[in-house]
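Here is my note for your reading of this structure. Please keep the sequence and the 3D view open beside it.

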Amino acid sequence: MIEEVEFLEPASVEEAAGLLARHGDEAKLIAGGQTLIPMLWQRLITPRYLVSLKSIAGLSAVEKDRQGNLLVGAGATHRTMETSPLVREGWPLLAETIEKVAAPQIRNLGTLVGDVCHSDYGADPPAALLVMEARARIVGSGGERWLPLDNFFLDLYGTALAPDEVLAQIEIPAVPDGAATAYLKYCLRAMDPAIVGVAVMLSMKEGRCQDARIALNGASPVPYRARLAEQALKGWPLDEGHIDEAARLAQEQAEPMSDSHASAEYRGRMVNVFVKRALRAAEERASR
Amino acid sequence: MNRKRVPLTLTVNGEEVSLNVEPRQTLLEVLRDELDLTGARRGCEENFCGACTVLLDGVAVHSCSVLAVQAQGSKVTTVEGLAADGRLHPLQEAFVEYGALQCGYCTPGMVLSALALLTEKPRPTEGQIREHLIGNLCRCTGYVKIIQAIQAAAAKMEGGAP
């Protein structure tokens, strides 16, 4: 059995943050628990208190605000996201990415925000969220702050969340008109984390790239925007030479690690391969 | 040793059940150890293999990675809840007819996962079946007969899951 725990059900995010502040190291947040519970089985962590987010009214909401941003509450499951007509139509990159997470059983309960907070380097959603320039609304016992997700992933399994903070909501801006997106995931077996995952957003005009955003999972201890690669594409047609150069720059920026799924060297090479494929996939969609 | 228990009420295979559980008990443990519903299996107990799959409010979950207290007020369906009046569910019949099991350990989970799929998509393509079964591993069969059985059951069920 798992070690003994108490299951606390706060009624608000502020109350949840208060419980984290009060219990410190002995408390962990739980939403779907799809990462947390296996960690409890493995004794990677042994919190005494589980602070549930599922009891908080409204926290599972997925909705569009008046500015056209998508707002995703901490309790919203992957399943809600991938089946939501709002998400599928307005933020297809997000739906396409989330479909590739783990397995249906895990997506039925696991939350997008929980996945982001765990910050596994092979998780799929971060690359898509970075490309869409999402930001997080974070609630602590001292108040609330907004943080671009660009500044959220600090270190291997380490995020910018303070111990008493709850990531309550992710805000994702509307996708620019005419932009084409794609997420390609490379892994060996179904359910695996990404060896390399590449999210791309492309805006083309008269055959030339107006704007390019490229983000990668799996290739470094934290997900990252391949900004040098992006710069190399702006203003140019997406011919083989420019795509090759962008892939090379993205690979250069990677700090791949070796693990049971792939060696660092192999990962690095796959960055190159999959950045090219993702750019071509997005370009093909842009030209439809 | 006295460990603190909390009350839990949920509906299991159509029947309301009230019991006291430790917050640390998973849904799998409560189903097997408290309710004698041993169809859901202990496999990896790390949210991977799917041998523990049950339906929670109609959707498939890995019950090893759900705390029982998280299922408060929910409806749970285990494989034991499928055969109505002793007659096998069409999915179960198809698994038998197609020989879609060898050791049978993954089978309850497979059947329930398939039921969740057919409830949502009554005539799935082979690709959709394969994708849906990602969270259910089988070491014996190589999946071919399992997929055939699900396709046959779907056809028999004619778009309406009983």
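1. B:Thr11 stands opposite B:Glu16 of strand 2 in chain B. Strand 1 and strand 2 of chain B pair in the antiparallel sense, over seven bridges. Strands here are DSSP runs of E, at least two residues, and helices are runs of H or I, at least four residues, both numbered from the N terminus. Two strands pair if DSSP finds at least two bridges between them.

2. This is a predicted model, where local features need pLDDT of at least 70, side-chain atom pairs count only at pLDDT 80 or more, and totals for chains, interfaces and linings use all residues. Residues are numbered from 1 along each chain as its sequence is written, chains are lettered from A and ligands numbered from 1 in the order in which they are written, and side-chain values use heavy atoms, leaving out hydrogens and water.

3. Now the turn. Strand 1 and strand 2 of chain B form a hairpin with two residues between them. B:Asn13 sits in that turn and has a positive phi of about 50°.

4. Strand 1 (residues 6-12) of chain B also joins strand 5 (residues 75-77) of chain B, through two bridges. These two strands run parallel. B:Val12 has B:Val76 of strand 5 as its bridge partner.

5. What is the strand order of the open sheet in chain B? It is 2-1-5-3-4, five strands with mixed pairing. Strand 2 (15-21) and strand 4 (59-62) of chain B each have a single partner strand, so one side of each lacks a neighbour in the sheet.

6. Helix 3 (residues 107-120) of chain B lies across strand 3 (53-56), strand 4 and strand 5 of chain B. Contact means heavy atoms within 4.5 Å. The axes of helix 3 and helix 5 (residues 144-157) of chain B come within 11 Å and cross at roughly 45°. Axes are lines fitted to C-alpha atoms, for helices over the stretch in contact, with angles from 0 to 180 degrees between N-to-C directions. On helix 3 of chain B, the contact is made by B:Met110, B:Ala114 and B:Leu118. Helix 5 of chain B brings B:Ile146, B:Ile150, B:Ala154 and B:Met157.

7. Last, the two chains. The contact takes 29 residues from chain A and 31 residues from chain B. The buried area is about 2,500 Å², with 61% from carbon and sulfur atoms. Buried area is the accessible area (1.4 Å probe) that two parts lose on being put together, summed over both.
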